[in-house]
Amino acid sequence: MTYDLLVNGKKYVVDVDGDIPLLWVLRDTIGLTGTKFGCGIAMCGACTVQVDGVPVRSCVVPVAEAAAKPITTIEAIGETAEGARVQKAWLDIDVVQCGYCQSGQIMSATAFLAANPSPTDEDIDAVMAGNICRCGTYPRIRAAIKLAAAGR
Amino acid sequence: MAVHDKLTLPVSRRHFLIGASLTGAGLVIGLQPSPSSAAAEAFEPNAFIRIPADGKVVFVMPSVEMGQGIYTSVAMLLAEELEVSLDQVELEHAPADPTRYANPLLGDQITGGSIAIRAVYEPMRKAGAAARIMLVNAAARGWGVGPETCSAEAGHVVHAASGRRAAYGSLIQAAAAEAVPQEMPLKPASSFKLIGHSVRRLDSPEKVNGTAKFGIDARPEGVSYAAIAICPHFGGKLRAVEDGPARAVKGVKQVVRIEDAVAVVADNTGAARKGLAALAIEWEPGPNGTLSLLDLEKRAEEAIGGNALTHINEGDVAKAATEHGPALEFVYRLPILTHSAMEPMNCTLHVRSDGCDVWVGTQVMGRAREAVADVTGLPLEKVVVHNHLLGGGFGRRLDVDGIILAAKIANQVDGPVKVTWSREEDIRHDCYRYLNYSKVTATLGADGMPVSWRHRVIGPAVMARWLPAFTRDGIDLDIMAGAETPYAIPNKYTDFVRHEAPEGMLTGNWRGVGATRNLPAIEGGIDELAHAAGVDPLEYRRRLLQHKPRLLAALDLAAEKAGWATALPAGKGRGIALSEDFGSFAAMISEVSVGEDGSLKTERIICAVDCGQVINPDTVEAQIQSGIIYGLSAALYGRITVQNGAVVEGNFDDSPVLRINETPKIEVHIVPSSEAPGGIGEVGTPGVAPSLLNAIFVATGKRLRSLPIDHNELRRA
Amino acid sequence: MIKRIFAIPLVAVLAATGIVAGMGSLQSNAETSDGGALKSVSDFEAIADTSARSKAIFEEASRVMTHPRCINCHPATRSPTQGEDMHPHVPLMNASESSLGPAGLVCSTCHGAENRPVVGSRMKSIPGNSHWSLAPASMAWQGLTVGEICRQVKDTSRNGNRSLADLIRHMGEDHLVGWAWHPGEGRSAPPGSQETFAALIDAWVSTGAECPD
């Protein structure tokens with residue numbers, strides 16, 4: 001069956017089973033590889049994208065559920081005001097190490113900041129607990145989110 | 001690895017000289033071996049700089065980037081002497097070619113052991129200097145002025161007296177004709193513009209906008225996608241597989257069987273995974289099919305009394321022990337650990353009759369190429385490895401098992417195929433940090449200070465297979481790293497009992513390598529001695545470290561920053577762990593609070609580190625933070641269990657790692673130093689567990705000697 | 001009847017995860033899963049005393065309410081538990097004011113309108129429902145006795161201002177309540193069905209909605 005996807009403002013028609021997770025359609029079928037595979041069970045957050053502005057774990061979202069809704073991935077999050085601010089803060093603090101989880105971190109942080117303009121450490125932890133980083137960039141993620149909030 | 005600087009290496013860096021050639025791409029300058037030095041061929045770093053006529057200067061990276069910041073640091077070294085600014089630079093992965101890109105201290109194209117900077121600190125600067133000298137000479141010759149009247153800055157040669165400037169790109173033809181300098185005086189540290197100053201990572205921009213390419217992101221034209229099921233039982237085989245339902249899944253193209261695995265190939269990974277789940281697979285459990293973790297632990301326990309090989313024998317431990325008994329004796333037990341890098345294992349290959357391309361992120365470029373040549377039967381030169389960024393290494397990508405497996409599958413597939421492991425496969429088929437036990441026996445003198453220290457290390461000899469040069473008379477030198485302690489103890493004896501995992505269970509290197517194996521016993525042990533002697537653990541260590549000024553300075557700094565002298569309320573404690581490894585010196589102090597119910601909170605961790613000349617201070621801080629969090633994950637959660645010869649855990653639900661909400665405050669303090677640079681990527685990890693154990697003892701009076709930390713043992717109620 | 005207490009010791013580090021909880025000494029609520037089929041209203045006809053019958057019926061109905069599928073989202077804190085062993089949810093979730101999780105990590109970041117099958121994992125599916133959310137703080141059941149749960153359920157100041165009739169409707173028709181009997185592969189369902197459960201609630205109300213001690 002074919003599904004119409006609206007990814008980063010662009011329309012794609014994909015011919016896959018409806019239960020295939022959105023992640024693989026984005027990465028393999030469409031070729032947007034910025035969204036990462038980490039666990040496949042919504043445990044690590046590496047695959048986070050936004051559907052209708054809500055961050056979701058694309059590794060468990062069936063493509064059929066995401067069809068026809070606006071999907072934003074890391075490749076286009078910089079076009080939003082929050083996304084750009086978060087990316088800039090990530091650069092200013094030099095958050096990244098291996099970088100693999102950072103697409104997901106930024107997608108979560110962006111949705112978070114849009115709703116919470118002045119987060120505390122506790123607020124940050126409550127949201128970012130969903131995104132694992134094995135390099136341990138957590139202290140800098142906290143700092144960068146605060147910087148992004150301050151730069152509003 | 002940990003003490004690779006102790007390796008007797010066949011070639012010294014003096015054997016390198018600089019050569020230059022003009023290629024189609026521009027001026028290539030690198031360190032090439034002297035033709036008269038045959039031995040140098042194995043350590044031939046070469047071609048690190050490419051200057052095109054216009055555009056950015058290209059630096060080719062001999063080490064791989066897995067988060068440790070090496071791309072930025074190496075670029076700083078090259079740029080410092082080449083006199084270019086970092087925004088004029090573009091980075092390129094080196095191809096698999098150990099003859100040009102081997103790490104001079106490891107003798108192979110390997111990134112690991114926190115040894116890159118130690119190996120290339122001088123060669124990279126010389127490579128930059130040689131290029132600059134030739135460019136300056138070329139410009140001076142063209143202008144008819146003495147080269148000594150010219151200088152280089154920001155990618156230009158400048159003749160200040162006449163105000164003339166020439167961009168490097170305009171000089172490449174002339175520079176290629178210049179003689180290769182034999183002397184490359186390097187800047188004194190006081191003139192460094194980059195080295196020692198925090199600069200932003202060069203790989204950050206692409207990592208925040210999704211364009212960074214990891215191995216898993218390779219998409220060669222016409223690629224298919226494979227999901228794989230590997231026999232869950234170590235040493236087991238594939239018996240039979242019913243693949244009808246899998247083939248019926250939309251997008252599935254092929255089911256590939258190899259000796260110990262099945263792969264489903266499809267037009268996207270999701271379909272491949274769905275197809276894989278539809279397979280009915282029958283495994284032959286093999287010789288380990290009934291093994292459980294209890295069996296493995298029992299075997300390790302028995303090995304404590306097994307045949308031991310003497311490693312270090314200083315003084316007379318036996319005599320000291322009889323004169324000063326009774327001995328204090330304790331056994332520290334470390335669990336099986338996974339690496340769990342965020343990027344699951346993957347490898348993309350295109351095997352053709354006339355050659356093979358491999359797209360992967362690996363810490364062992366040369367070995368990756370050899371492995372694929374072996375599997376495919378192709379000549380080495382027909383195998384091209386395209387390296388990528390690594391989504392974490394931690395030692396996992398020091399092994400090529402995943403590349404071999406992928407190559408066996410790709411051998412049966414037409415066109416390129418990307419093999420992506422599930423997280424479950426990644427956890428169940430790791431190159432594990434295997435069970436590691438330490439038995440320490442010590443005696444104290446009348447003053448409470450240690451007179452004898454005996455440390456028996458029980459664990460696998462990973463180096464025997466992985467880097468045999470780092471063994472001696474059957475002893476794995478890595479697993480013994482630092483077993484003798486840095487402390488002034490007159491009688492020391494260390495020995496090694498080789499105790500391997502069951503056949504088929506791969507064991508390997510894990511961040512912090514030997515130091516993470518031994519530090520719990522050493523730093524936990526010395527703490528036990530201090531408490532037995534009734535001496536403050538800081539003071540106890542200080543007395544034993546008067547011959548170790550750098551370690552002592554780090555300890556004093558950490559103690560000051562931690563406020564060691566200020567008392568903590570009941571239920572809280574601070575613990576110290578020191579490490580001297582990777583050419584660096586670190587003092588870590590953890591502060592914990594333990595609730596009546598056994599709940600443990602790591603309040604903060606302070607680390608003071610002397611890693612010699614710092615290249616990028618911001619990277620030092622980041623790597624210590626990183627190492628600490630990696631170590632904390634392991635100390636709190638790291639534990640693999642085995643049932644029926646198979647690993648039980650499979651994902652982050654049952655094999656948890658530290659999350660941001662569990663992350664304590666971490667403070668990193670750098671001890672200023674002009675000594676030779678030390679490693680930093682692994683320095684933060686080893687001290688975490690012992691400093692926590694020591695802090696827990698202060699908080700609760702309970703001495704834990706097994707990891708991970710068991711909260712049940714911390715209950716006081 | 002034995003007074004059942006559903007105590008969840010706060011395990012170690014706040015976000016103690018599955019394996020840690022598994023190693024810990026979580027008190028299981030085995031009674032809820034081992035008690036056999038859910039009795040129907042007629043099974044209580046023998047109890048002559050109306051008040052006693054009412055209490056007994058609620059006891060029976062509470063086997064559903066205290067089943068992990070239900071009580072995991074009626075936690076003592078504002079963080080859900082999960083799994084048959086009711087370990088703290090991984091990752092740590094905070095209900096936030098909305099009971100839907102904080103922006104950036106809302107329930108629907110992982111939980112869909114329906115259960116989502118996953119492949120290749122021990123976890124066979126991610127549970128989901130269009131109303132997936134944490135029960136309000138006033139409806140915290142974990143740590144309460146059955147009697148305490150009963151009094152909470154009846155208390156309009158704590159039950160979302162529901163009348164007894166509303167309760168019958170809620171238990172019998174609510175889609176999220178009904179999810180418990182369709183929890184997705186890899187999860188146990190509470191005993192009985194939503195219909196038998198609702199019938200018990202109905203009978204409990206009509207017998208005076210008496211609460212066990």
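Guide: Two strands are said to pair if DSSP finds at least two bridges between them, where strands (E, at least two residues) and helices (H or I, at least four residues) are DSSP runs, numbered from the N terminus. This is a predicted model, in which local features need pLDDT of at least 70, side-chain atom pairs count only at pLDDT 80 or more, and totals for chains, interfaces and linings use all residues. Residues are numbered from 1 along each chain as its sequence is written, chains are lettered from A and ligands numbered from 1 in the order in which they are written, and side-chain values use heavy atoms, with hydrogens and water left out.

The part to look at is in chain B, where seven strands make an open sheet with mixed pairing, in the order β11-β12-β9-β19-β16-β17-β18. At its edges stand β11 (252-258) and β18 (383-387) of chain B, each of which pairs on one side only. From one strand to the next the twist averages 20°, with axes taken as lines fitted to C-alpha atoms, for helices over the stretch in contact, and angles running from 0 to 180 degrees between N-to-C directions.

Within the sheet, strand β9 (residues 224-230) of chain B pairs with strand β12 (residues 261-266) of chain B in the antiparallel sense, over six bridges.

Helix α11 (residues 401-410) of chain B lies across β9, β11, β12, β16, β17 and β19 (417-420) of chain B, and runs at about 40° to β16(B).

Finally, a word on confidence, for which pLDDT is the predictor's own score for each residue, from 0 to 100. Chain B averages a pLDDT of 92, and 93% of the residues score at least 70. Residues 1-46 of chain B, however, stay under 50 in pLDDT.

Methods: Contact = heavy atoms within 4.5 Å.
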